[in-house]
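Q: I'd like to learn how to read a two-chain model, one feature at a time. Can we walk through this one together?

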Amino acid sequence: MIDATGLELTARAIGEAVGEGSVRDTIFFRDQATLDVRPEDVHRILSHLRDDADERFDVLASLHGCDYFPHEPRLAVHYQLLSTERGERLGVRARLTVEQAETTGVPTVCDLFPTADFQEKEVFDFFGVRFEGHEDLRRLHMPEDYEGHAQRRDFPMGGEPVLYTFNEHKVPRWYE
Amino acid sequence: MSSRGLGTPYRRREESVTLERMEAPLAGTQVESDAELFTINMGPHHPATHGVLRLLCTLEGEVVRDVTPLIGYVHTGIEKSCEDQQYWKVIPFVERMDYLAYYFNAYAFCAAVERLLDEQVPPRAQYLRVAHMELNRIASHLFWLGTSALDLGAITVLWWALRDRDMILDLFEMSGGQRLHPRYFQVGGVIEDIPPGWARKCLDFVAQMRTRIDQYEALLNENQILLERLRGVGVVSQDRLKQLGVTGPLLRASGDPWDLRKTIPYSSYEDFEFRIPVGTVGDHYDRYRVRIAEMRESLKIIEQAVEGIPEGPFITTNRKVALPPRHELATSMEALIHHFKLVTEGFRVPPGEIYEAIESPRGELGCFVAADGSSKPARVHMRDPSFINLQCLHDMAEGELIADLIAGIAMLDPILGGIDR
């Protein structure tokens with residue numbers, strides 16, 4: 001696994017290759033290394049981590065969203081990179097405000113890692129994060145005409161009436 | 001139906017899908033402009049999709065030109081529900097995601113929480129967990145074997161496989177009290193020690209299962225129908241699989257020996273001797289053989305784990321995390337307080353984020369847990385291997401016959417509870 005020193009070296013290498021300030025923070029917690037990065041640089045950073053000879057994180061193991069409500073910036077997209085050569089994992093996290101998520105969002109990484117396709121749709125569906133450049137960004141689990149983003153912390157639990165015969169007249173025009 | 005309903009994005013997509021594809025064939029496919037492409041819907045209720053999976057297939061005659069999986073029909077919002085539960089009450093929820101590999105789901109979550117707490121699991125609990133997970137792997141592969149063979153027209157294997165799976169479920173019932181979703185793994189260990197006689201019964205099962213696997217192989221390995229349905233069909237290259245993030249038996253069948261039990265060992269898997277079966281071609285036949293061989297390796301691990309099980313506690317003795325033993329409640333005031341606090345409030349977990357990945361029967365099962373310092377998780381996410389692996393169905397089925405699409409779904413082994421969560 002990457003140690004704390006290795007994480008700092010990686011962060012510095014990214015700063016040199018991608019640009020000053022692209023890595024906002026490094027987190028080393030319980031032997032797991034995570035980089036906190038600027039959302040607009042995600043594509044360049046992941047491309048560096050995939051192709052650079054010193055890094056070679058060849059697999060994107062997971063991509064998921066997270067809501068840090070009530071902290072700001074609220075939303076985050078997590079990338080879990082894996083180097084199959086060394087058996088090392090590295091987390092990359094891009095935090096962004098709700099407004100940022102719904103306008104500019106983060107650049108898609110589908111061209112680097114085709115596996116991101118479904119997972120970016122899922123994050124878009126549940127958190128409302130736009131992935132700039134994604135070919136077919138649409139809801140995956142929820143119906144296409146669904147309103148709201150269900151995994152956000154301010155989305156109510158059980159916020160949707162369950163339809164039975166006895167209450168269908170109370171939910172008018174549900175069949176539309 | 002009113003005009004409002006017709007204008008919704010959902011309806012617009014329904015219309016666009018059929019018409020556009022009929023008129024403009026897919027880029028990159030060798031179809032003449034007057035060749036007829038036929039869009040057909042398969043599922044969500046179809047016996048061969050192993051759940052409620054809906055596939056939008058574009059066919060040219062009987063040849064599949066495009067297939068798009070549409071999912072979400074069993075989305076139940078488990079991840080959202082987990083945010084409203086105390087940590088120890090999340091375990092039954094996550095068990096129901098991939099409902100054939102419940103021990104793995106529970107382990108991934110418990111391991112993530114244990115790492116957040118920095119809690120050590122006693123060796124006995126680790127061995128018990130390994131034994132149960134490997135039993136579960138065999139149960140899951142047996143169910144896959146039975147249903148896949150059924151899809152390919154061999155019905156005997158279904159009865160045989162379910163008969164043997166029942167012996168495993170009996171073992172689960174004996175140790176955890178339930179045949180399915182037993183909630184046996186707890187944060188810090190397992191809920192109860194194995195009862196007397198369990199080890200004997202487990203070893204008897206291992207001995208019996210060896211000959212049973214021989215019987216399956218005698219039935220299937222040289223079966224002409226099966227060979228012709230599986231050999232050379234659905235080949236996807238190793239590079240493409242890695243790009244698509246596919247893991248587990250599908251990746252190993254293409255020749256890459258990537259298995260988290262070996263490469264990044266957890267729960268003392270490094271103590272056991274076992275091998276990683278790999279394929280050579282990466283077709284359906286290799287996928288079948290790899291899974292059969294994995295069952296044999298799992299039997300080896302179970303044998304070593306049950307025979308070499310260390311003495312000691314089966315759950316951590318940290319009273320802030322694990323419930324005190326029942327007999328202490330009558331005599332110790334502290335035990336009573338701890339019990340009360342754990343049951344009413346649950347334990348608090350320091351803030352942080354953990355991604356814990358393990359090797360489930362279908363590939364890398366990752367569990368992401370974000371804690372905010374309270375007794376409920378701020379976010380639980382499962383990186384379910386079925387969900388990711390489903391993306392390679394298009395590569396597997398494109399250019400093959402529609403009947404091979406059925407074989408492709410069978411060899412993919414998707415669990416819709418895990419895909420939709």
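**Reading the model**

Q: Where do the two chains meet, and how many residues of chain A are in contact with chain B?
A: 31 residues of chain A are in contact with 39 of chain B, contact being C-beta atoms, placed from the backbone, within 7 Å. On the chain A side, β3 (59-67), β4 (75-83) and α4 (116-127) each give at least two residues, and β3(A) has the largest share with 7. Helices (H or I, at least four residues) and strands (E, at least two) are DSSP runs, numbered from the N terminus. Bear in mind that this is a predicted model: local features need pLDDT of at least 70 and side-chain atom pairs count only at 80 or more, while totals for chains, interfaces and linings use all residues. Residues are numbered from 1 along each chain as its sequence is written, with chains lettered from A and ligands numbered from 1 in written order.

Q: What are the ipTM and pTM, and what is the mean pLDDT of chain B?
A: Where pLDDT is low, the predicted coordinates should not be read in detail. pLDDT is the predictor's confidence in each residue, from 0 to 100. Chain B has a mean of 88, and 92% of its residues reach 70 or more. The model's ipTM is 0.88 and its pTM 0.88.

Q: In what order do the strands of the chain A sheet run?
A: Strands of a sheet pair through backbone hydrogen bonds, either parallel or antiparallel. Here 5 strands make an open, mixed sheet in chain A, ordered β1-β2-β5-β4-β3; two strands pair if DSSP finds at least two bridges between them. β1 (23-29) and β3 of chain A are the edges, each pairing on one side only. Further in, β2 (residues 32-37) and β5 (residues 88-96) of chain A run parallel over 4 bridges, and Val37(A) has Ala94(A) in β5(A) as its bridge partner.

Q: How do α7 and α8 of chain B cross?
A: Two packed helices are described by the angle between their axes and the distance between the axes. The axes of α7 (residues 156-176) and α8 (residues 198-220) of chain B come within 11 Å and cross at roughly 170°. That makes α7(B) roughly antiparallel to α8(B) (over 145 degrees). Trp160(B) and Met167(B) of α7(B) are among the contact residues, as are Phe205(B) and Met209(B) of α8(B).

How values were computed
Axes are lines fitted to C-alpha atoms, for helices over the stretch in contact, and angles run from 0 to 180 degrees between N-to-C directions. Angles under 35 degrees count as roughly parallel, over 145 as roughly antiparallel, 65 to 115 as roughly perpendicular and the rest as oblique.
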